[in-house]
Amino acid sequence: MFLLLILVLAPALTACLLLFFAPPERACWRLALATSILVAVGALRLLAEPRPRLLFDYRFTPIVSLAFVMDAVGLLFSLVASCLWFFTIIYSHGYMKHEGRIRSYLAFLILSLGITNGIALAGNLVTLFFFYEALTLSTFPLVIHRRTPEAMRAGIVYLAYNLIGATLVLLAIATLAGRVHKVDFIYGGIIPPGLFTRAELVRLVVLFVAGFGVKAAVIPLHHWLPRAMVAPTPVSALLHAVAVVNAGVFGLLRVSAYVLGRETLNAFNLAPLLRWPMVVTIILGSIWAFRQDDLKRRLAYSTISQLAYMGLGASFLTSGGWTAALLHFFNHALLKITLFFCAGNLAVGSGKTKVSELLGVGFHQPWTMGAFAVASLGMIGLPPANGFLSKWYLGLGALEAGKPGFLAVVLISALLNAGYFLPILFAAFRSRPTSPPSLSEPPLTMLVPTLVLALSCLVFFFWPHLPLHLSSWSEGGA
Amino acid sequence: MRITLLPLVIIVAPVITGLLTLLVPWSEERKARFSLFVHAFLLAALLALFPAVHAGRSLAYKLAPLFPPYGLSLRVDALSFLVTLVVAFIWFLSSLYALEYMRHEHHIARYWAFSNFTLSGCLGVAFAGDLFSFFVFFEFMSLISYMLVIHTETPAAFRAGVKYLYLGIIGGLFLLYAVIATYDLAGTLAFDALRSFTFPDYGLYSFSIFLSYVVGFGIKAGMVPLHFWLPDAHPVAPSPASALLSGVLLKMGAYGMARVFLDVFGLSYLATSGWAEIVAVLAGISIIFGSLVAIVQDDLKRRLAYSSISQMGYILLGLSLLTPAALYGAVLHILNHALMKSGLFLAAGAVMYRTGRHKVSELDNIGRTMPRTMLAFTITALAMVGIPPLGGFISKWYLGLGAVVGGRPVFLFFLLLSSFLNALYYLPIVTRAFFNRAACPFAAFQVLPPEEAGPTSLGTELPPLPPRPLAPELPPAMLFPIVSLAAGTLFSGLYPMSPPFSLAADVVKAYFGG
């Protein structure tokens, strides 16, 4: 209960403090940093708690209640978000030196942390929905932070897509609640057999997939994500590689395993409704990434493609696939945030934002490009980076489900990933300058988080026990 | 220290060496010597393992916390020991050679670091006890060796490196499919357990697994038609690295294929299904194709690279004939070719080092300036052709025997034809070196300098190295490895039944039961 206050409410309070009391800038940073440390520690502390556990439940009506639960999947999301937020605050300190309106930036950033934790720990669909909508609203000011015409346009697109998506989710929840009379998350699903016909279930699944699929950047609902790259890089890194998009995937995971449940999905053969949009997203996302010259946009399309791995894993309805989904949830967050931080380092250190400008940059920013290389390895799925294990489980899940063709999809996608990450590395380390190059790395507040996160990508290859443990816990009935 | 820990130490030592080389601010000379010392130590450590292996004990070791969820699993049996011996021995000699050779190159520390990392990868592949550990080390090895290929950072090196990397990744993806699918069918990945597992049927799924293994390992082993990265990558690396790439890394692909044939699928299954035929045919094509194209290569290292394609074909052919004699020949040839090809590459590098020449057409009378090097080259080249009493003859003999016994005499013809072709592209080098070109009886098969002949070579021309002013005597650090390898081929031919060559017999015994 106390931890809940820390994880969800403390950030909200800090945000209010920042917005309404307008402390001086240095105090804002200290406050934001302290809050993020507090939340990260709180999330880690949760690991020690017995689970699953109901943390809080307040019923407005028999169906509509605000409930918080701590189980393996929620804990995974909360940990990822809370720990990575801490790194982002530090990174922002270096990056945002050149931007304005720091107070509002920090306020909404911290607020979004609390809301993300709310999504993670939500105990039923209504609570999830509430925080889900709130996340859209709290991240909107971050997207339009720079207030350029392009940013404002991106913000409108962002709002439009997400609000429509949320509406679809609401429709689905209402349909569900009307018939099942409860909306809690129970592993294995809450739908009694025989209650729905297949047609009704199809409609329900489509609504959920489309609704959560907006945030999860499923093609064709993904358009907001590349456009949202106009935001400052820490925002892109955290929100659009870790928190917002992961919230969408989280919603899909909750729905598939805790609301509908494997048995229902299996019995009515509903998994293809989830699987095929994922396949399309994986392939098209990778192909479109090739065409992007802007580095952040290329990373955005890569995100779109990689998120679908998680949905694909869940759609196999097997143990291997589920493990893959959760493992990649964890791995991708680490990898993508590293990549985005590298992009920010390149922009600040060398002023380069486009792939075509990166010739030789590896000699001026060797640490950044080293981190980029490690994270690229992870995205392609090569040892010794953590992404390898996700691919392994994804392949295993595909075969367990008896669908080797999807394993081929994963492998082809890995090759495509190589195709749009390796050329960046090749270009960066080509044409060595004749005289010793001048190092133009960004300040340490930006460089150190990048390197620590890149290192963690290697570490979690050798010791992936945390996400693996959580995933097996979740299947053990957590 | 328990002897079962020794493989782990052997694998980890080069990684630590590599990290130290990258991070610690010693002089480059010191780093090079330290690496050499570690490689010597590895060889000694391996020799410490020999008694146990020879006694037939199979050392297994499992480190569960690492590489979850299956854990790092190591296993030493006759075949893996043989391969690691090859790796360690060639690496030691190459490092000794590189001590001197690399003095004139750039980024020396980086070379040593990545050489060590690659070594670790190779040792891990050889010692891996299950497919998961194998795959992780294999991918790591393929990836890290890229740094050796592009070491000189010339445009040609980068071009070759791109091909090398992408093909390595593609091969890895095929292998990933094969390994996951094997796990799906067998429920286990350990080589020991897989030996007792038989695939349920001969259907499409099992076949796709087999084919994926063949493609994945075929890319690495330079099997036609997956070979096209090889003629660019091997010449463009610094010569000690070329020796490693051609002498050792190719063998890892063959080793993987061997494990698949022997442990994963099993000889009886393959014999019944007849799938090994595919590999036999492709190997046969490699043998002839490699030799034919080698004849028209003017660049010496490129000629050696195509020769490697051909020779790897021998090994793959031996594996796919599924008879004891053929297997014996294949395993023996892994040893022999490693000795021979490394020796040839190091000799070619010595010629380049001392005279700056890298084309066959420029090698007239080089035997007068570098008699000892060219003598070693001659012995090694004769071994490649398969002339007794040199090592290459023994392995070819058994391969031919295996072909006939296995009811495929056509492959014996291929082997003989290939020996003849080998002569066509090795002997001219030897005669050019020691005799005046015009006086040579092989004049008809000489490669003419480009001005005279017009475009004949099929590959891209590498930029010529700037000729070094005639360096003094070849340093002993470079001469010794070349001569040792030539001596090794002689030893292999004269005493093929003595250790370590006798290990090949142990391997055959293990899989054919005596």
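Start at A:Pro220. Select this residue in the loop between H7 and H8 of chain A. Bear in mind throughout that the model is predicted.

Go to A:Pro384. This proline sits in the loop between helix H14 (366–380) and H15 of chain A. The link from A:Pro383 to A:Pro384 is cis, and its omega is near 0°.

Next, select A:Ala22. You will find A:Ala22 in the loop that separates helix H1 (2–21) from helix H2 (25–46) of chain A. Its phi is near 45°, a positive value in a residue other than glycine. Why do these stops deserve a look? Because most residues other than glycine have a negative phi, and most peptide bonds are trans.

**Chain A as a whole**

Zoom out to chain A. Colour by secondary structure: there are 18 helices and 2 strands. Along the principal axes, the C-alpha trace spans about 75 × 55 × 45 Å. How does the radius of gyration of chain A sit against that of a compact globule? For 478 residues, a compact globule would have a value near 23 Å; chain A has 21 Å, which agrees.

The contact between them takes 44 residues from domain 1 of chain A and 42 residues from domain 2 of chain A.

Stay on the domain 1 side of that contact. Select helix H3 (72–95), helix H7 (198–215), helix H8 (224–227) and helix H9 (233–267) of chain A. Each of them supplies at least two residues to the side that touches domain 2 of chain A. Which helix gives the largest share? H9(A) does, with 18 residues. Colour this side of domain 1 of chain A by residue class. You get 31 nonpolar, 10 polar and 3 charged residues.

**Where chain A touches chain B**

Now bring both chains into view. Their contact takes 24 residues from chain A and 21 residues from chain B. On the chain A side, select helix H15 (387–400), helix H16 (404–428) and helix H18 (465–475). These are the elements that give two or more residues to the side touching chain B. H16(A) gives the largest share, 8 residues. By class, the chain A side has 18 nonpolar, 2 polar and 4 charged residues.

**Chain B as a whole**

Chain B has 21 helices and 2 strands. Its C-alpha atoms fill a box of roughly 65 × 60 × 40 Å, taken along the principal axes. With 514 residues, a compact globule would have a radius of gyration near 24 Å; chain B has 22 Å, which agrees.

**First helix pair in chain B: H4 and H10**

Select residues 108–127 for helix H4 and residues 239–265 for helix H10 of chain B. They pack at an angle of about 25°, with their axes 11 Å apart. Parallel or perpendicular? That angle makes H4(B) roughly parallel to H10(B). The crossing of H4(B) and H10(B) is left-handed.

Show side chains at the contact. H4(B) brings B:Cys122, B:Val125 and B:Ala126, while H10(B) brings B:Val248, B:Leu249, B:Met252 and B:Tyr255. By class, this contact has 7 nonpolar, no polar and no charged residues.

Finish with residues 276–295, helix H12, and residues 409–434, helix H18, of chain B. Their axes come within 9 Å and cross at roughly 15°. H12(B) is therefore roughly parallel to H18(B). The crossing of H12(B) and H18(B) is left-handed.

Show the contact residues. On H12(B), they include B:Gly284, B:Ile287, B:Ile288 and B:Ser291. On H18(B), they include B:Phe411, B:Phe414, B:Ser418 and B:Asn422. By class, the contact of H12(B) with H18(B) has 11 nonpolar, 4 polar and no charged residues.

Key: Residues are numbered from 1 along each chain as its sequence is written. Chains are lettered from A and ligands numbered from 1 in the order in which they are written. This is a predicted model: local features need pLDDT of at least 70, side-chain atom pairs count only at pLDDT 80 or more; totals for chains, interfaces and linings use all residues. Two residues are in contact if their C-beta atoms, placed from the backbone, lie within 7 Å. Helices (H or I, at least four residues) and strands (E, at least two) are DSSP runs, numbered from the N terminus. Ala, Val, Leu, Ile, Met, Phe, Trp, Tyr, Cys and Pro count as nonpolar, Asp, Glu, Lys and Arg as charged, and the others, Gly among them, as polar. Axes are lines fitted to C-alpha atoms, for helices over the stretch in contact, and angles run from 0 to 180 degrees between N-to-C directions. Angles under 35 degrees count as roughly parallel, over 145 as roughly antiparallel, 65 to 115 as roughly perpendicular and the rest as oblique. A crossing is left-handed if the near helix is turned anticlockwise from the far one by less than a right angle, and right-handed if clockwise. The radius of gyration is taken over C-alpha atoms; the globule rule is 2.2 Å times the number of residues to the power 0.38.
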